Amino acid sequence: MEYQIKGTPLPVVICNLAEGEAICTEKGGMSWMTPNLEMSTNAGGSFGKAMSRMFSGESMFQNIYKAQGGPGQIAFASSFPGEILAIDVSQGGIVAQKTAFLAAEMSVNMSIHFQKKLGSGFFGGEGFIMQRFEGVGMVFLEIDGSVITYDLQPGQSMLLDTGHLAAMQSTVSIDVESVKGLGNKLFGGEGFFNTKVTGPGRIWLQTMPASAVAAAINPFIHTAN
């Protein structure tokens with residue numbers, strides 16, 4: 001499979017499939033395609049996998065598109081201003097925020113990633129459940145805003161505000177750290193906790209979480225009403 005990512009601030013990934021190649025996507029993820037792509041909808045192999053997708057923020061069912069009778073082309077557009085991140089999971093597993101999944105090659109396996117620490121699930125801002133991708137091939141993820149990448153060395157950490165963690169290699173650990181000082185907690189505007197990620201491994205951060213956008217425009221919506 002060959003692909004191109006085009007457009008801003010609402011990008012699209014255009015995938016060129018050889019005859020017989022297939023790609024899967026979330027429900028309603030296809031934007032346009034050539035007529036020779038055959039679509040099938042299923043639960044991804046088992047009821048358990050369907051439930052895992054539902055709990056990780058996706059539809060229980062997935063759509064599979066296969067090129068028949070020659071090469072074909074299919075496009076998947078982002079649903080929010082930002083970037084589309086293409087990651088080869090052959091180099092190691094990836095953990096991503098809920099609803100990040102856009103499309104993937106059939107050799108990529110998607111499953112639930114549970115936060116191991118209660119504090120991370122309750123206060124880290126990423127929730128108890130994230131998405132995990134393993135296997136061989138490319139996965140395409142939706143990123144809110146621009147993406148910034150850091151490669152953390154063993155033991156090296158980064159503190160993140162809620163929602164800015166888009167994805168990380170599975171070797172990276174996640175925890176929470178309390179904001180120091182009562183005054184900072186009450187009046188600093190950053191809340192009581194930050195998400196702490198520790199290497200080794202790569203992290204992908206997003207500059208404009210959808211939750212932050214919703215919080216920013218919420219006062220204006222109430223004012224208008």
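Visitor: In which strand is the place of Asp144?
Guide: Asp144 is placed in strand β13; strands here are DSSP runs of E with at least two residues, numbered from the N terminus. This is a predicted model, in which local features need pLDDT of at least 70 and side-chain atom pairs count only at pLDDT 80 or more, while totals for chains, interfaces and linings use all residues. Residues are numbered from 1 along each chain as its sequence is written, and side-chain values use heavy atoms, with hydrogens and water left out.

Visitor: Why does Asp144 count as buried?
Guide: Asp144 has a relative accessibility of 11%. Buried means under 20% relative accessible area, exposed means over 50%, and partly exposed lies in between, with a 1.4 Å probe and protein chains only. The value of 11% is under the 20% limit, and therefore Asp144 is called buried.

Visitor: Which residues does Asp144 touch, not counting those up to four places away in sequence?
Guide: Among them are Phe80, Pro81, Gln97, Met208 and Ala210; contact means heavy atoms within 4.5 Å. Phe80 is 64 residues from Asp144 in sequence, yet their C-alpha atoms are 6.6 Å apart.

Visitor: What does the side chain of Asp144 reach at 3.2 Å?
Guide: The side chain of Asp144 reaches the backbone nitrogen of Ala210. A polar contact is a pair of N or O atoms within 3.5 Å; within protein, one must be able to donate a hydrogen and the other to accept it, and residues adjacent in sequence count only if both atoms are side-chain atoms. The distance of 3.2 Å falls within that limit.

Visitor: What makes Tyr3 and Phe140 an edge-to-face pair?
Guide: Rings of Phe, Tyr and Trp (its six-membered ring) pair if their centres lie within 6.5 Å; planes under 30 degrees apart count as stacked, over 60 as edge-to-face and the rest as tilted. By this rule there are two aromatic pairs. In the pair of Tyr3 and Phe140, the centres are 5.1 Å apart and the planes 75° apart, and an angle over 60 degrees is called edge-to-face. Tyr3 lies in strand β1 and Phe140 in strand β13, 137 residues apart. Tyr3 is partly exposed at 33% relative accessibility, whereas Phe140 is buried at 0%.

Visitor: Why is the pair of Phe101 and Phe133 called stacked?
Guide: Its centres are 5.9 Å apart and its planes 25° apart; planes under 30 degrees apart count as stacked, and therefore the name applies. Phe101 is in strand β10 and Phe133 in strand β12, so the pair ties together parts 32 residues apart in sequence. Phe101 and Phe133 are buried.

Visitor: How many salt bridges does a search of the whole structure find?
Guide: The search finds three, a salt bridge being a side-chain nitrogen of Lys or Arg within 4 Å of a carboxyl oxygen of Asp or Glu. Glu134 and Arg132 meet at 3.2 Å, N to O. In the bridge of Lys196 and Glu177, the closest N and O atoms are 3.6 Å apart, which is within the 4 Å limit.

Visitor: What makes Arg202 and Asp151 a salt bridge?
Guide: Their closest N and O atoms are 2.7 Å apart; this is within 4 Å, and therefore the pair qualifies. Arg202 lies in strand β19 and Asp151 in strand β14, so the bridge ties together parts 51 residues apart in sequence. Arg202, at 32% relative accessible area, is partly exposed, and Asp151, at 46%, is partly exposed as well.

Technical notes
Helix = DSSP H or I, 4+ residues; strand = E, 2+ residues; numbered from the N terminus.
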